[in-house]
Amino acid sequence: SGAILTHIMCVAMNRSIVSVVLGGLGTSTKQSGKAKEFKGEAKVIDVESTVALIAGAKEVIVVPGYGLAVAGGQYIVAELYKLCVKAGVRMRFGIHPVAGRMPGQLNVLLAEAGVPYDAVFEMDEINEDFAKADLAMVVGANDTINSAAEEDPNSVIAGMPVLRVWLAKEVVVMKRTMGAGYAGVGNPVFIKPNTSMLLGDAKKALEALRTKFADTIEHRDG
């Protein structure tokens with residue numbers, strides 16, 4: 001079973017078995033130069049402004065990652081999903097094949113929390129839809145949404161399939177810090193003009209979003 005999981009991860013990340021076993025991040029792309037330096041400043045957003053983006057959206061795509069699993073925030077995400085349904089906001093979930101460090105982990109967590117199966121999509125099924133989304137919300141994911149994989153042929157993650165969250169009209173990245181992910185590579189998505197960072201503990205941030213969004217819906221409908 002370990003060999004099967006390793007093979008799945010290799011395919012999903014476009015990496016060789018050797019690089020996975022030895023702990024490297026090399027992909028099938030041959031790097032011939034120095035990786036790009038992406039420069040810019042990240043914008044920080046607060047809970048109230050994030051709720052305003054959700055409330056004003058028609059299409060929202062959530063990308064959960066390892067940070068959501070660690071924080072145990074799947075049940076709050078499920079509640080946020082139900083609130084979106086009530087508010088007439090279409091919320092879907094995009095799952096990278098190796099999200100959570102283990103294939104299928106995020107699918108299982110969301111299912112356990114009560115998120116309907118028809119709201120959860122694999123990367124290949126939903127990647128083209130980001131360009132039509134009003135808002136992409138990244139919850140505890142990093143490498144799996146790193147645009148350097150497509151924008152920098154010399155990056156150590158060049159060629160790795162990623163979720164193209166940066167194509168959405170607005171992007172909110174929920175993350176504990178601005179630090180790099182498992183691959184140790186900076187993420188240019190964080191400094192793109194349509195991205196805002198909601199920093200802090202994922203579970204606490206989600207709880208605050210849920211509470212504020214519920215209040216917003218109640219006052220709007222009341």
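Predicted model: local features only at pLDDT ≥ 70, side-chain atom pairs only at ≥ 80, totals over all residues.
Which glycine takes a positive phi just after H6? It is glycine 114, with a phi of about 100 degrees.

Residues are numbered from 1 along each chain as its sequence is written, and side-chain values use heavy atoms, with hydrogens and water left out.

The protein chain has nine helices and seven strands. Helices (H or I, at least four residues) and strands (E, at least two) are DSSP runs, numbered from the N terminus. Of the 222 residues of the chain, 47% count as buried. Buried means under 20% relative accessible area, exposed over 50%, and partly exposed in between (1.4 Å probe, protein chains only). Contact means heavy atoms within 4.5 Å. Among contacts between residues at least 6 apart in sequence, 78% join residues at least 24 apart.

The seven strands form an open sheet in the order S1-S7-S6-S5-S2-S3-S4, with parallel pairing. Strand S1 (43-44) and strand S4 (120-122) stand at the edges with a single partner strand each, so one side of each has no neighbour in the sheet. Two strands pair if DSSP finds at least two bridges between them. Strand S3 (residues 90-95) pairs with S4 in the parallel sense over three bridges, and phenylalanine 93 stands opposite valine 120 in S4.

Helix H6 (residues 105-113) lies across strand S2 (59-64), S3 and S4, and runs at about 145 degrees to S3. For such angles, axes are lines fitted to C-alpha atoms, for helices over the stretch in contact, and the angles run from 0 to 180 degrees between N-to-C directions. Leu106, Leu109, Leu110 and Ala113 are buried in H6. These residues lie on the same side of H6 because they cover an arc of only 95 degrees around the axis; the arc is that of the directions from the helix axis to the C-beta atoms. An α-helix has 3.6 residues a turn, so residues three or four places apart point the same way. The buried residues of H6 pack against S2, helix H4 (66-71), helix H5 (74-87), S3 and S4.

H5 itself has 14 residues and reaches 20 Å from its first C-alpha to its last, close to the 20 Å expected at 1.5 Å a residue. The expected span is 1.5 Å times one less than the number of residues. Buried residues of H5 include Ile76, Leu80, Leu83 and Ala87. What covers the buried residues of H5 includes helix H3 (47-55), H4, S3, H6 and helix H9 (202-221). Just after H5, glycine 88 takes a positive phi of about 80 degrees.

Lysine 203 has its place in H9 and is partly exposed, with a relative accessible area of 33%. Not counting residues up to four places away in sequence, lysine 203 touches Ala71, Gly72 and Ile76. Its C-alpha atom is separated by 9.2 Å from that of valine 70, 133 residues apart along the chain.

Asparagine 127 is found in the loop between helix H7 (123-126) and strand S5 (135-139). Asparagine 127 is buried, with a relative accessible area of 9%. Leaving aside neighbours within four places in sequence, asparagine 127 is in contact with Val162, Leu163 and Arg164.
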